[in-house]
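This report is an introduction for a reader who is meeting the structure for the first time. Please look over the sequence and the model before reading on.

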Amino acid sequence: MLVSVVLENIRKIFPPNVVALDNISLEIGSSEFFVTLGPSGSGKTTLLRIIAGLERPTKGRVIIGDKVVVDAEKRIFVEPGERNIGMVFQNWALYPHMSVYDNIAFPLRIKKLPKQEIDRRVKEVAEALGIRELLNRKPSQISGGQQQRVAVARALVKQPDVLLLDEPFSNLDARIRVTAREFVREIQKTLGITTILVTHDQADAFAVGDRIMVLRDGEIQQVGTARQLYDEPVNLFVANFIGNPPMNIIKLIPAHPVIKALNLEDIVPKDDSLVYLGIRPDEAIATVEIDNAHIVGKTRIIEYVGARKYVKVEVEHGFSIKVLAGENVTENQKVGVLVRKVHVFNSKGARIESIVY
Amino acid sequence: MMRGPIKWLIVNVIAWIVGVLWIMPFVGIFMTSIRPFKEIVHGWWVFEEFHPTFSKYFEALFHPSYPLWRGLINSFIIVIPSTIIPLILAALAAYAFARFSFPIKNYLFLTMLFMMTVPQQMMIIPIFFMLHNMKLLNTYLGLILVHSSWGIPWITFFLRNYFTMLPTELEEAALVDGASYRQIFWRIVFPVALPGIVSAAVLQFAWVWNDFFFALMLIYDPKRMVATQILPLLKGQYHIDWGLLSAGSVMVMTVPVMVYALLHRYYVKGFTAWAIKK
């Protein structure tokens, strides 16, 4: 079944007064791969657990499909087992004393499906996920990547309406992570199952998500596609959190010469004491030609990242920024920085405008 | 500097001395049980003549008035239920204490812990009269009930602490899979907690097997006496046959040790380590 997930005014307070989630409202479309992204303590896992039914919201309600699964005010609560969801936990939570086959069969056995049906479904899912040969082994006898697939198999075998994933890639090494991401995305697209994934890694979010929600301290910062978050961040937090290497954030007074150099005098609010400029390392380049540059400075350290080189430039006005290193740029050299795009934020951190040169 | 090897030497010497001292009493008893009296009359460590024999073991087992074989069987009859019953009941209680919250939980737990400090000798009189009123004095059932009741508090405490160490994720996964708490307990928690449960079982077994006091107070028919009660009866009125007593003691002592050795591999902690990949 293709279902949507709707959250209305979800609020979660842990006693005595820790506000884990503050007024989260959101609508996840059916078959959408939705990612909740945020640092530790942002409330993202709590939100997922509330959707799963492992945690109860203090206020608000969750609707899966057309069924209200929890309503704090009306005291409605549907057990996790009745919500027709599948969940993959951060540490996979495979039952260690059972074989892979039994692990995957477990939810079906609880539902008391006939033996042949269980056998058929388990083998089908195992085949689809490429773990058919592992069915007789115990979780301790297979690798991390394989364990993850077993966890996904267990979640999918009961053909749930919604798939929930709690930081599924954090325990994998870098190489396997890339294949795992692709694998999860493919499965999701093939099955068309509404999926909600929680992560602190923005690369994961970008790799798999149709839409991404950035959470901070229990509050929604921004919800949008990867491109929207990258090109149009709504505030400093999102701007800094998304993108690697992180965006350079420069704190300046409105009358600062750099503002003039970048032709931003009209955009910068006059009545503000401060303004922030955001320049992504990939959107500015240091060159040996100083004449056409917006900013002049001296290079310090060059960082070689394979396909590109970054260099930290100490600008003559007293701050440093990391930008792309152009041809022939070396360390301890006087360079000019050509800015391709800059984001302007007011003193409260909200983005005013983004200028492309 | 020679600190490394010298330290190693000193540690080993001390360890060996302690080890040997520790094992001495058992060696002594064993020697006494297999050597004829005249050989050990000056001490079992005297080895001028050495003609070991197991005759004392048979004598103890098939003693005309107080045969140990019957005592051993009675001990088993008492111990096995007295281990299984409290283990199951306490495991259920421990799970409740570990995972759920209910109004008087903490008070209940503390009261239980507090009451455990009361010694057997203080409780025996009310227990005696209680069993008498229930017509369970001098019966297997009576003694089993007393041992089970005695075991429940400490096993609950022990297992509750063990359960709190188990990651909740396994149970949460089972909840999402649709399992009821009863299914979660028996299919997931109990098997995964097996090392802790087996540890508790072995301890309870040893405790009940070695019990003398409750048996002494509550069983007086010689046909129903347990092994620990039979042993002192092997003392003669005029002459103590040390060989006989030692043989009996060795047989009674060995049982818990063998239980421990047999179940040793269930202590292996490897189990829970694999539920959560670190």
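In this predicted model, α6(B) carries a kink of about 30 degrees, and the kink is centred on Pro126(B). The helix α6(B) covers residues 120-133 of chain B, which amounts to 14 residues, and it reaches 19 Å from its first C-alpha to its last, close to the 20 Å expected at 1.5 Å a residue. Just after α6(B) comes Lys135(B), which takes a positive phi of about 60 degrees.

Two other helices of chain B meet each other, namely α1(B), residues 3-34, and α13(B), residues 242-262, whose axes come within 7 Å and cross at roughly 125 degrees. Angles from 65 to 115 degrees count as roughly perpendicular and those over 145 as roughly antiparallel, and α1(B) and α13(B) are therefore oblique to each other. The crossing in which α1(B) passes α13(B) is left-handed. The residues that make this contact are listed by helix in the table.

| Helix | Residues in the contact |
|---|---|
| α1(B) | Ile29(B), Phe30(B), Thr32(B), Ser33(B) |
| α13(B) | Trp242(B), Gly243(B), Ser246(B), Ala247(B), Ser249(B), Val250(B) |

By class, the residues of the contact of α1(B) with α13(B) are five nonpolar and five polar, with no charged residue.

Between the chains, the contact draws 23 residues from chain A and 18 residues from chain B. On the side of chain A that touches chain B, the elements giving two or more residues are β7 (85-88), α2 (100-110) and α4 (144-156) of chain A, and α2(A) gives the most, with three residues. That side of chain A has 15 nonpolar, seven polar and one charged residues.

Key
Residues are numbered from 1 along each chain as its sequence is written. Chains are lettered from A and ligands numbered from 1 in the order in which they are written. This is a predicted model: local features need pLDDT of at least 70, side-chain atom pairs count only at pLDDT 80 or more; totals for chains, interfaces and linings use all residues. Two residues are in contact if their C-beta atoms, placed from the backbone, lie within 7 Å. Helices (H or I, at least four residues) and strands (E, at least two) are DSSP runs, numbered from the N terminus. Ala, Val, Leu, Ile, Met, Phe, Trp, Tyr, Cys and Pro count as nonpolar, Asp, Glu, Lys and Arg as charged, and the others, Gly among them, as polar. The expected span of a helix is 1.5 Å times one less than its number of residues. The bend at a residue is the angle between axes fitted to the seven residues ending there and the seven starting there. Axes are lines fitted to C-alpha atoms, for helices over the stretch in contact, and angles run from 0 to 180 degrees between N-to-C directions. Angles under 35 degrees count as roughly parallel, over 145 as roughly antiparallel, 65 to 115 as roughly perpendicular and the rest as oblique. A crossing is left-handed if the near helix is turned anticlockwise from the far one by less than a right angle, and right-handed if clockwise.
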